[in-house]
Amino acid sequence: RAFEQLLGLLLLAGNLMNTGTSRAGARGVQLSVLTKLEDVRSMRSGKGRVSLLQLLVQLSEARLGDGAALVAEELESVHGASRVSFARVQAQLAELRRSLMLVERVVKGVTMKRRPSEPPDRFTSELGVWMQSAQATMSSLDLALTHVRRLFQFVLERFGVSEDGTQGPEVFFGMLSKFCTQWRRASSLNAEAAARAAREAWAAQHALEQKAAAEARR
């Protein structure tokens, strides 16, 4: 996958930059580094100043080819995932559960007040059927949440992130969402710089040609 290839490329670049230091020879990359690459900039001034992230984009385009363009595409879904909060989902499920219990109590209360000689009340009968369906749906939602939690734990382990209770989807995927935005911005800046360099080269070449033509006419 392009994103994992990018992490390998980042690890390689980091080890090369840290050659001869105690930080060389690293065997992994902390994902928290990704959002800091944009802040590390070259010592140049003016339009020639670039960020470490821009250099990484250039390096990935040179080494990964078409895979570089897939990095942002693979991360596109993290924008929606960053808005998911397990705490909020649990709170919403708990509220649904309380509402169902309230409806169940109402149905039982109405049923108990009905005299044995009275025909079954259509409202309570249909509501009872609905309750069974709603309870089955609640069970499915609980199972789905458990499954999603398990998958999220697998993702954290896959990228070497420790589960300390603070790495919920909104934090983990929020970080990747920020990096995805930064990556696209760095790619755009590189494209603008390349176009500017091409225009300047053309202008310089055109000026030389005009100068040569003017000298030839003398």
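Contact here means heavy atoms within 4.5 Å. The model is predicted.

Q: Which residues does Leu10 touch, not counting residues up to four places away in sequence?
A: Leu10 has its place in helix 1. Its relative accessible area is 12%, so Leu10 is buried. Leaving out residues up to four places away in sequence, the residues that Leu10 touches are Val29, Leu34, Leu37 and Leu56.

Q: How many Å apart in space are Leu10 and Arg27, C-alpha to C-alpha?
A: Leu10 belongs to helix 1. In sequence, Leu10 and Arg27 are 17 residues apart, and in space their C-alpha to C-alpha separation is 11 Å.

Q: Which residues are the closest to the centre of the largest pocket?
A: The largest pocket holds about 580 Å³ of space. It is lined by 20 residues, and the closest to its centre are Leu10, Gly14, Asn18, Arg23 and Val33.

Q: Which helix gives the most to the lining of the largest pocket?
A: Helix 1 (2-17) and helix 2 (52-64) each supply at least two residues of this lining. The one that gives the most, with six residues, is helix 1.

Q: How many residues of the lining of the largest pocket are nonpolar?
A: The lining of the largest pocket includes two charged residues and five polar ones. The nonpolar residues of this lining number 13.

Q: Is Ser60 buried or exposed?
A: Ser60 has its place in helix 2. Not counting residues up to four places away in sequence, Ser60 touches Leu6, Leu9, Gly65, Ala68 and Trp183. Its relative accessible area is 0%, and buried means under 20%, so Ser60 is buried.

Q: Which residues is Ser177 in contact with, leaving aside its neighbours within four places in sequence?
A: Ser177 is found in helix 7. At 12% relative accessibility, Ser177 is buried. With neighbours within four places in sequence left aside, the contacts of Ser177 are Val78, His79 and Ser82.

Q: Why is the pair of Phe152 and Phe173 tilted?
A: A search of the whole structure finds seven aromatic pairs. In the pair of Phe152 and Phe173, the ring centres are 5.8 Å apart. Planes under 30 degrees apart would count as stacked and over 60 as edge-to-face. The planes of these two rings are at 50°, so the pair is tilted.

Q: How many residues apart in sequence are the parts that the pair of Phe152 and Phe173 ties together?
A: Phe152 lies in helix 6 (residues 122-158), whereas Phe173 lies in helix 7 (residues 169-216). Phe152 is buried at 6% relative accessibility, and Phe173 is buried at 16%.

Q: Where does Phe159 lie?
A: The rings of Phe159 and Phe172 have centres 6.4 Å apart and planes at 40°, so this pair is tilted. Phe172 lies in helix 7 and is buried, with a relative accessible area of 1%. The pair ties together parts that are 13 residues apart in sequence, because Phe159 lies in the loop between helix 6 and helix 7.

Q: Which residue lies over the face of Phe86?
A: Phe86 forms one aromatic cluster with Phe3, Phe152, Phe159, Phe172 and Phe173. Over the face of Phe86, at 4.4 Å from the ring centre, lies Arg149.

Terms used: Residues are numbered from 1 along each chain as its sequence is written. This is a predicted model: local features need pLDDT of at least 70, side-chain atom pairs count only at pLDDT 80 or more; totals for chains, interfaces and linings use all residues. Side-chain values use heavy atoms; hydrogens and water are left out. Rings of Phe, Tyr and Trp (its six-membered ring) pair if their centres lie within 6.5 Å; planes under 30 degrees apart count as stacked, over 60 as edge-to-face and the rest as tilted. Helices (H or I, at least four residues) and strands (E, at least two) are DSSP runs, numbered from the N terminus. Buried means under 20% relative accessible area, exposed over 50%, partly exposed in between (1.4 Å probe, protein chains only). A charge sits over a ring if NZ of Lys or CZ of Arg is within 6 Å of the ring centre and within 35 degrees of the ring normal. On a 1 Å grid over the protein atoms alone, a cavity is a set of points where a 1.4 Å probe fits but cannot get out, and a pocket is an open set with protein on both sides within 12 Å along at least five of seven lines; lining residues have an atom within 4 Å of a point. Grid points are joined across faces, edges and corners, and a volume is the space filled by probe spheres set on the points. Ala, Val, Leu, Ile, Met, Phe, Trp, Tyr, Cys and Pro count as nonpolar, Asp, Glu, Lys and Arg as charged, and the others, Gly among them, as polar.
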